[in-house]
Amino acid sequence: SFSRFYFLSDQDLLEILANAKNPKAVQQHINKLFVGIKENEDHPKKFDATAIRSKDGEQVQLYSLQLIDGEVESWLSDIDKGAKETLRVLTKLSLQKLHRNKKKAHAPEVLNDWIERFPGQMLITSGQIHWTSRCEESLQAERQRREMRNLKRDWQAYMMFLAKQMTGKMSKVKRKKMSALITIEVHAREVISRLKQLARQGANSESFDWKKQLRFYFDEDKEQKNGRVVLEQTNTQLEYQYEYQGNPFRLVITPLTDRCYMTLTTVHV
């Protein structure tokens, strides 16, 4: 009933089942079941999970307490669902913060609050949705070249702000969060620069040079109270799964990385 058990060794699985009524003993195996979760934070007086904590120390408060009681596979499944629903809510809130005024989304006062309030994964996800939206609006604009120039200027100012922030004092968790965000946004800036050049040759939002990019969209799905994130690349469409990742080290995105993404996403067609 809990498919993640299939990826454990026999010894780890036996230890979990043997300590099914001892959540503290199960904690040491949490990071083997969830890629980004090192442990969950428990209520000091109740058997409730109140937060999840990543390997790098980032802590995310769960929007609803998850009861740690009964069969171990049952409450582990509840933590999984609770974590994903929390990330779904945070993604929507993070995107709303940026989209209150799209043209001023990169204002220092907006960015400072945005970076402080949300987990690194949600910064990257909502940031990619914002980037996709701004690029398409600029490519579809009547005065396309002017809008692409403005977009490039905006992203350059944004990158300068992030670089300046990295020179200041900050916690280890925030530095990792900022580092991962910068890696993604550097690639976003490079794509904008290429699109600006291609716009002179008549490129638009339907051109392959744009369609081949890994694009993020937010869908106000009526079946999902907090919407859903959809990824598109070429003729592929995938739904974002909200699996918590923490703030792992990210490699620089190169043209080869883009081709690898395209190959992997095409497999799902």
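Mentor: Ala, Val, Leu, Ile, Met, Phe, Trp, Tyr, Cys and Pro count as nonpolar, Asp, Glu, Lys and Arg as charged, and the others, Gly among them, as polar. The model is predicted, so local features need pLDDT of at least 70 and side-chain atom pairs count only at pLDDT 80 or more, while totals for chains, interfaces and linings use all residues. Residues are numbered from 1 along each chain as its sequence is written, and side-chain values use heavy atoms, with hydrogens and water left out.

Trainee: How do the residues that line the largest pocket divide by class?

Mentor: A pocket is an open set of points on a 1 Å grid over the protein atoms alone, with protein on both sides within 12 Å along at least five of seven lines; a cavity is a set where a 1.4 Å probe fits but cannot get out, and lining residues have an atom within 4 Å of a point. The largest pocket holds about 900 Å³ of space, a volume being the space filled by probe spheres set on grid points joined across faces, edges and corners. Among its 31 lining residues, those closest to its centre are Leu214, Phe216, Leu231, Arg250 and Tyr261. By class, the lining divides into 16 nonpolar, 11 polar and 4 charged residues.

Trainee: Which elements give two or more residues to that lining?

Mentor: Helices (H or I, at least four residues) and strands (E, at least two) are DSSP runs, numbered from the N terminus. For the lining of the largest pocket, the elements with two or more residues are H6, helix H8 (172-199), E5, E6 and H10.

Trainee: In what order do the strands of the open sheet of 3 strands lie?

Mentor: Two strands pair if DSSP finds at least two bridges between them. E4 pairs with strand E5 (residues 228-233) over 5 bridges, and E5 pairs with E6 over 4 bridges. With antiparallel pairing, the order is E4-E5-E6.

Trainee: What angle does helix H6 make with E4?

Mentor: Axes are lines fitted to C-alpha atoms, for helices over the stretch in contact, and angles run from 0 to 180 degrees between N-to-C directions. Contact means heavy atoms within 4.5 Å. Helix H6 (residues 120-140) packs on the sheet and touches E4 and E5. Its direction relative to that of E4 is about 100°.

Trainee: Is threonine 265 buried or exposed?

Mentor: Threonine 265 is in helix H10, and that helix (residues 255-266) lies across E5 and E6. Leaving out residues up to four places away in sequence, threonine 265 touches Leu214, Gln233, Thr236 and Leu238. Buried means under 20% relative accessible area, exposed over 50%, and partly exposed in between, with a 1.4 Å probe and protein chains only. Because its relative accessibility is 10%, threonine 265 counts as buried.

Trainee: Why does aspartate 12 count as buried?

Mentor: Aspartate 12 lies in helix H1 (residues 10-18). Apart from neighbours within four places in sequence, it is in contact with His29 and Lys32. Aspartate 12 counts as buried because its relative accessibility is 13%.

Trainee: Which helix gives the most to the lining of the largest cavity?

Mentor: The model has 2 cavities of 30 Å³ or more, and the largest has a volume of about 50 Å³. Its lining consists of Phe34, Ile37, Asp80, Ala83, Lys84, Tyr242, Glu243 and Tyr244. With 3 residues, the leading contributor is helix H4 (residues 72-99).

Trainee: Which residue in E3 is the bridge partner of alanine 49?

Mentor: Strand E2 (residues 48-54) and strand E3 (residues 59-67) run antiparallel and are joined by 5 bridges. Their hairpin has 4 residues between the strands, and glycine 57 there takes a positive phi near 100°. The partner of alanine 49 in E3 is glutamine 66.
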